[in-house]
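Thanks for coming, everyone. I would like to take you through two parts of one structure this morning, so please have the sequence and the model open as we go.

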Amino acid sequence: MTANTALKTAENARDALTLDHIREAAARIEGAVVKTPMMHSQTLSSITGAEIWLKFENLQFTAAYKERGALNALLQLTEEQRQRGVIAASAGNHSQGLSYHGTRLGVPVTIVMPRTTPTVKVMQTEQVGGNVVLEGETYDDAYAHARKLEGERNLTFVHPFDDPRVAAGQGTVGLEMLEEHPELDCLVVPIGGGGLISGMATVAKTLQPEIEVIGVQAALFPSMYAKVKGLDMACGGDTLAEGIAVKAPGEFTSQIIAELVDDIELVEEPMLEKAVSLLLQIEKTVVEGAGAAGLAAVLQNPERFKGKTIGLVLCGGNIDTRLLANVLLRDLARQGRLARLRITLQDRPGALFKVMREFDAHHINIIEIYHQRIFTTLPAKGLVTDIECEARDREQLEALVNALRAKGYSVELAELN
């Protein structure tokens, strides 16, 4: 049965996705996916003023919850469909989850990705058995080509989110959370296309109708937010949460969300970066931007969530290591622990040495020094020195800047948004 058939045979989206469907999915996939741990974070609870429980879906084999829905869909294929194989369009976690479990079950998997997909994602998908086809410049191009190949090769298309079978698999995350900790009174869940929150909200509102379910989207990609609220909002930009950067949310999932989800929060990029950094520093766990979106929403709106017992899903951990390094360093800069000072000096012997003595007096470590004599608007005997440095905290850094200015130096501090 295809996803469209399932919807047509149901009176509405709620009939196609019920608690029973999710319990059946849990029984199907048991033992083939990780029943990930759920742990209380004492430090994050102290920071946010809420009781924070974390579901570590980044510990799945492919480092994302997407395995659950992909496997549930694969296990419901007919023998003929298994023999012919499946196809999907994805440049993210769905491609790896479908490829891994398809290969494990002996089902050929074709994944269509845009040509612009980073090589590391192509390699990761191929390493777990997927046959990658690169087509088009955008996801929409890849999706159109996948649908074309579906017909030409008589394959079964497995949608990353707009499919009741996939959403039922994703809903097993919520089932595990509430079975283990029924005292939760709020779930904060990332939204891309809506598969995860559709499944989790179905579980939560059936088992505990009074529980609050809050969705989270990156402010640059408010697609489901706009759809549910009937707004016309632009989607686009370089978001850290590329896993939920979806321009066209699901039709099926949007029906579920409109009925069951209490509200959707939009989070800004600096808060996503802060959440990724905090999870690594405090919980010693690596998450991608989408995986940190729930925590970002709580950090951004502390008064809304204060005093609640909150379940957060760390839905994925597939983040490029270089990008992760940038996020961590930018967070240190926002805290005032890393800084770049631009200081105007006179080009004469001992000028730089005198500045260095101030850094030494304030116990601030110098990382890099950049001199600029030529490309500057200063007089010929003037120079600009950029100094990257490391401080204990913002107060220590501010004391140095004030001391330099008191001695007559012009000091500019590079700021992050």
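Strand β7, residues 186-190, and strand β8 run parallel and are joined by five bridges, and in this predicted model one place to look is Leu-187, which stands opposite Val-213 in β8. To get from β7 to β8 the chain passes through helix α11, residues 195-207, and this β-α-β crossover is right-handed. Strand β8 also pairs with strand β9, residues 263-267, again through five bridges and in a parallel arrangement, with Ala-218 standing opposite Val-267 in β9.

Now, how many of the residues of strand β8 are buried? The count is seven of the seven, over residues 212-218, and so the strand is largely enclosed by the rest of the structure. In a regular strand the side chains alternate between the two faces of the sheet. Here, Glu-212, Ile-214, Val-216 and Ala-218 point one way from β8, while Val-213, Gly-215 and Gln-217 point the other way, and all of them are buried.

Let me turn to the second largest pocket, which has a volume of about 400 Å³. It is lined by 19 residues, and those closest to its centre are Ala-333, Leu-338, Ala-339, Arg-340 and Leu-416. Which element gives the most to this lining? That is α17, with five residues, and α17 (321-334), β11 (338-346), β13 (382-390) and α19 (394-406) each supply at least two.

Terms used:
Residues numbered from 1 in each chain as written. Predicted model: local features only at pLDDT ≥ 70, side-chain atom pairs only at ≥ 80, totals over all residues. Heavy atoms only, no water. 1 Å grid on protein atoms, 1.4 Å probe; cavity = no way out; pocket = protein on both sides within 12 Å on 5 of 7 lines; lining within 4 Å. Points joined across faces, edges and corners; volume = space filled by probe spheres on them. Helix = DSSP H or I, 4+ residues; strand = E, 2+ residues; numbered from the N terminus. Buried < 20%, exposed > 50% of the residue type's maximum accessible area, 1.4 Å probe, protein only. Pairing = 2+ DSSP bridges. Right-handed = clockwise from strand over helix to strand, strands pointing away.
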